[in-house]
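Visitor: Could you walk me through this one slowly? I'm new to reading structures.
Guide: Gladly; have a look at it before we talk.

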Amino acid sequence: MRSKWCRAFPGLPDEVAHARHFIASLLQEQGPVDDAVLVVSELATNAVRHTLSGSVGGWFLVVIGLGDDLVRIEVVDQGGDRVPHLCDATGQEEGGRGLQMIAACAKDWGVKTWPEGRSVWADLAREGV
């Protein structure tokens, strides 16, 4: 990656909007803003809803890396009992489609497990930049 930025956010639902603004402000004219905002929104929401990051005093970290042809969006959370995976959300459920949307717009995505948490990342193409 040519350059990398990160920012920590309290593990509160309102902070997801701040994470979106952080990504959008860094990517102005440098990459796929709409897809990056979607990715960080879904990953940060999952961190707050489904991991220890959403507990009292919890936090999540947003990392953005800019390469020559890729933008990597990564959200580090404090872990939990469930492992992020694609759901078969074909019915009327309100949730369960976030990782499907990420998989549809990303070149690749994945999960890294750490001793005290994990990170979920997605690589987006920087076409036309």
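Guide: Let us begin with terms: helices (H or I, at least four residues) and strands (E, at least two) are DSSP runs, numbered from the N terminus, and two strands pair if DSSP finds at least two bridges between them. This is a predicted model, in which local features need pLDDT of at least 70 and side-chain atom pairs count only at pLDDT 80 or more, while totals for chains, interfaces and linings use all residues. Residues are numbered from 1 along each chain as its sequence is written, and side-chain values use heavy atoms, with hydrogens and water left out.

Visitor: How many bridges join β2 to β3?
Guide: Six bridges join β2 (residues 59-66) to β3 (residues 70-77), and these strands run antiparallel. The antiparallel pair β3 and β5 has eight bridges, and seven join β4 to β5, again antiparallel.

Visitor: And the order of the strands in the sheet?
Guide: The sheet is open and has five strands, in the order β1-β2-β3-β5-β4, with antiparallel pairing. At the edges are β1 (3-10) and β4 (108-114), each of which pairs on one side only. β4 is joined to β5 by a hairpin through two residues.

Visitor: Switching topic, which strands does helix α2 lie across?
Guide: Helix α2 (residues 33-50) lies across β2, β3 and β5 (117-125), and runs at about 10° to β3; such angles run from 0 to 180 degrees between N-to-C directions, with axes fitted to C-alpha atoms, for helices over the stretch in contact (heavy atoms within 4.5 Å).

Visitor: How many residues are in the largest nonpolar core?
Guide: That core has 27 residues, and those with the most contacts inside it are Ile23, Phe60, Val62, Ile64 and Ile73. A nonpolar core is a set of buried Ala, Val, Leu, Ile, Met, Phe, Trp, Tyr and Cys residues joined through side-chain atoms within 4.5 Å, where buried means under 20% relative accessible area with a 1.4 Å probe, protein chains only. Helix α2 gives the most to this core, with seven residues.

Visitor: What does Ile23 touch?
Guide: Leaving aside residues up to four places away in sequence, Ile23 touches Ala36, Val37, Val40, Val62, Ile64 and Ile73.

Visitor: Last one: is β5 mostly covered or uncovered?
Guide: β5 is mostly covered, with eight of its nine residues buried.

How values were computed
Buried < 20%, exposed > 50% of the residue type's maximum accessible area, 1.4 Å probe, protein only.
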